Amino acid sequence: MKTMVSHNQPQQNIDTRQTETILVIDDSPTNLEVLYATLSDVGYEVLVEMDGFGGIEQALNNPPDLILLDIMMPKINGFEACRKLQSNPITKDIPIIFMTALADTAEKVKAFQMGAVDYITKPFQQEEVIARINVQLKLRRLNIELDQQKQKLEERVTERTAELSQALEELKQTQLQLVQTEKISSLGQMVAGVAHEINNPIGFISTNLYHASQYVRDLIQLIQVYREKFPQPGQEIEEIIESIDLDHISVDLPKLISSMKLGSDQIRGIMQSMRNYSRADGAEKKAVDIHEGIETTLMILQHRLKAQTFRPAIHVVKEYGNFPPVRCYPGQLNQVFMNLIANAIDAIDETIQENNWESDRGKYLTPDTVLTAPLICICTTADKEYVTIQIGDNGKGMDLSVRDQIFNAFYTTKSEGKGTGLGLSISYQIITEKHGGTLECISSPNKGTEFIIQLPFS
Ligand SMILES: Nc1ncnc2c1ncn2[C@@H]1O[C@H](COP(=O)(O)OP(=O)(O)OP(=O)(O)O)[C@@H](O)[C@H]1O
Ligand SMILES: [Mg+2]
């Protein structure tokens, strides 16, 4: 039988949201007519089918909001049709109301067992049919709403969980960055403390050496005058003059004192640069000679650069350009130099400790020689706008999979306790965000690594 679709306007006193579709499956034309008329009158869109197969096909092609299903039908009875509808994902959630004869209690029970939501007894009571259908459709609407709310809620929970785990991740990062900053600042404080403590004694030594050298000169002059005036001082004095080698002392003592002066001046210079190194950066950038920062960093790392039991000293080749001071945060730049040079030393040490040092390693070309020994090259140049600082090493280098991750916070290939994996991510932040510069890395396995910093002059 053809489907009949109602185009009736809903009656005035009846709920007007009824654009819902009801599929009626019944082999009795009389029943179909009654139900069609009743349901159309209250504004439902009604589709009708006279047998189970047609009903299933209709439900699949055009899923209704509710199905009224007769139990007793030829070809395929209502229960069988219900099973088929419920086993198909397209139709399984459509509520089914069975239509059954009043006396048939066993069938009613079976209908519920099959998953029907309700039953209607024949002959139909118009009001009851409408009431039951309304209730079921309302339930269905509420269920759909509930499902939507549930889905929204789940989405919200997933979103919140993602937000929370991101917040946790950020917190972890901030915590570790604080630890790194704290480490660096306590290094700064220690350096400043040591420099301060050494400053006074070295001050005495160099001032006193100044007087000592004058006294020595005077005394030597006096001895010379004595010797000229009294060429024969007697045997005892002559023996002493000979045993102490007075001529040698007279020449050597002034030299000795001036080299002591030189040494103490150097110590004062070192102390001064250590104090500069550790002074905290203010809010304003300062114009500084970046070579000072590099030199002090090298000095602080001197104990790691010199020969170790497992390797010779690391050569540091410097090619410094001649350019005006750069406006920057010197303390932060020193932190970058420290991270890059310490990483270079680590890379060299690891290569040697892993026994991977071939004799022609790196073949670093310096201005006048090819060096195969452990080497760190620091080169600075500048044009009108930028200063470029290259820090290279002939250590183990990196393959692409490592190089792609080195600027990520917490990425490290070092054993636990040895590396936090923060050095380069912090350096990257300092160069790019704080100074508007760039930090790049060129590296290949077994060839070495070069970091290139570019800083704008202003
Ligand atoms: N010069 C280099 N040669 C080879 N590998 C390097 C070099 N510099 C960095 N790396 C690689 O990049 C990784 C990350 O370096 P980063 O400085 O961020 O952390 P780390 O040195 O491991 O730990 P730390 O936080 O103590 O500095 C290193 O673990 C290392 O694998
Ligand atoms: Mg590091």
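Modeller: What follows starts at the ligand and then moves to other parts of the chain. The model is predicted.

Ligand 1 is surrounded by 20 residues. The closest are Asn 343, Thr 412, Thr 413, Lys 414 and Thr 420. Lys 414 makes its contact through the side chain: an N or O atom there is 2.6 Å from an oxygen atom of ligand 1. For Gly 421, a backbone N or O atom lies 2.9 Å from an oxygen atom of ligand 1, and for Gly 423 the corresponding distance is 3.2 Å.

The domain assignment divides the chain into domain 1 (21-124), domain 2 (169-280) and domain 3 (281-458). Between the C-alpha centres of domain 1 and domain 2 there are 107 Å.

Aromatic pairs come next. The structure holds 5 of them. In one, Phe 323 and Phe 457, the ring centres are 6.4 Å apart and the planes stand at 75°, so the pair is edge-to-face. The pair connects distant parts of the chain, 134 residues apart: Phe 323 is in the loop between strand E7 (315-319) and strand E8 (326-328), while Phe 457 is in the segment after strand E14 (448-456). Phe 323 has a relative accessible area of 14% and is therefore buried. Phe 457 is buried as well, at 16%.

A second pair is formed by Phe 407 and Tyr 428, with ring centres 4.9 Å apart; the planes are at 40°, so this pair is tilted. Phe 407 sits in the loop between helix H11 (400-403) and helix H12 (423-434), and Tyr 428 sits in helix H12, so the pair ties together parts 21 residues apart in sequence. Phe 407 is partly exposed, at 24% relative accessibility. Tyr 428 is also partly exposed, with a relative accessible area of 34%.

On cysteines, the structure holds 0 disulfides. Cys 377 is in no disulfide, and the nearest cysteine sulfur, that of Cys 379, is 7.7 Å away. A disulfide would need the two sulfur atoms within 2.5 Å. Cys 377 is buried, with a relative accessible area of 13%, and Cys 82 is buried at 0% relative accessibility.

A polar atom of the Thr 297 side chain lies 2.6 Å from the backbone oxygen of Gly 293. In helix H2 (residues 52-61) there is Gly 55, which is buried with a relative accessible area of 0%. The C-alpha atom of Gly 55 is separated by 14 Å from that of Asp 65, a residue 10 positions away along the chain.

Some backbone details remain. Lys 122 and Pro 123 are joined by a cis peptide bond, with omega about -5°. Pro 123 is in the loop between strand E5 (118-122) and helix H5 (126-229). Arg 132 lies over the face of Tyr 119, 5.7 Å from the ring centre.

Lys 75 has phi near 60° and is placed in the loop between strand E3 (66-70) and helix H3 (78-87); at 70% relative accessibility, Lys 75 counts as exposed. Asp 245 has phi of about 55° and is placed in the loop between helix H6 (235-244) and helix H7 (246-278). Asp 245 is partly exposed, with a relative accessible area of 40%.

Notes
Residues numbered from 1 in each chain as written. Chains lettered and ligands numbered in written order. Predicted model: local features only at pLDDT ≥ 70, side-chain atom pairs only at ≥ 80, totals over all residues. Heavy atoms only, no water. Phe/Tyr/Trp six-rings, centres within 6.5 Å; stacked < 30°, edge-to-face > 60°. Helix = DSSP H or I, 4+ residues; strand = E, 2+ residues; numbered from the N terminus. Buried < 20%, exposed > 50% of the residue type's maximum accessible area, 1.4 Å probe, protein only. Lys NZ or Arg CZ within 6 Å of the ring centre and 35° of its normal. Domains from an automatic or database assignment. Near = heavy atom within 4 Å. Polar contact = N/O pair within 3.5 Å; in protein donor to acceptor, adjacent residues only side chain to side chain.
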